Amino acid sequence: MPKRRHKGKKKSSSNKRGRWHAPLATESVGFRQYYQAQGNLFTDDWSLFETTLHKPLPTVFRINAALPKAASDRIKEKMKGDFYNVFVEQQQQQEQQQQSKPTPATSATSTTATTATTATTATTPATAPIPIAPPISLPWYPGTDNCWQLGAHLKVIRKTPAFRQFHQFIVQSNDEGIISRQEAVSMIPAFLLGVQPHHRVLDMCAAPGSKTL
């Protein structure tokens, strides 16, 4: 059947994907009021709790349990060998660059507050990139080295040229079903549920179904 043509409607030249790249809102008055009203639950460490919530979650993936042992072992060897070494080398290079940077000279004291503020701002060094920690194996996940947590979000890793091959491996392996990317906080409820072979489970949020898997 031929496609219908709607008269008067033109395709927008703007990038529709741009809306998905907008910064996410991390403030919610209702969220804060609700949890602060729960008695003494967060009385002493609310600021730490809220700061932790604002931090981006690290990228975590687990190796597909249906893979042949040989294929699974190859991935584990790469994670503990080549890929691990790439992160360590990048971390050492960034630390060396930070140590080799000269300390900025102190600006001469100005006679006016405005001039002093401007001089101080101009000599303040740019924020140095934070070294990305090597990937680690999550010890609480069943088996040995079956689940890995990266030292940063995958978006940060993607922007680092040294991690290009590693990034391609993660994306391609996830597309092929060799690994499954899922937040660690989403894996924990499935383990706490304690499902047994004789149980029947109805997942009311099975999209894409990572917890069910």
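**Basis of the description**

Contact here means heavy atoms within 4.5 Å. The structure is a predicted model, in which local features need pLDDT of at least 70, side-chain atom pairs count only at pLDDT 80 or more, and totals for chains, interfaces and linings use all residues. Residues are numbered from 1 along each chain as its sequence is written, and side-chain values use heavy atoms, with hydrogens and water left out.

**Helix α3**

Helices (H or I, at least four residues) and strands (E, at least two) are DSSP runs, numbered from the N terminus. Helix α3 comprises 12 residues (69-80), which at 1.5 Å a residue should span 16 Å; the end C-alpha atoms lie 16 Å apart, in agreement. The expected span is 1.5 Å times one less than the number of residues.

Buried denotes under 20% relative accessible area, exposed over 50%, and partly exposed in between (1.4 Å probe, protein chains only). A71, S72, I75, K76 and M79 of α3 are buried. Viewed down the axis of α3, these buried residues fall within an arc of 140°, so they line one face of the helix; the arc is that of the directions from the helix axis to the C-beta atoms. K69, R74 and E77 are exposed on the other side of α3. Packing partners of the buried residues of α3 are β1 (60-63), α4 (82-100), β3 (147-149) and α7 (164-175).

**Helix α7**

S173 belongs to helix α7 and is buried, with a relative accessible area of 5%. Not counting residues up to four places away in sequence, S173 touches I178 and I179.
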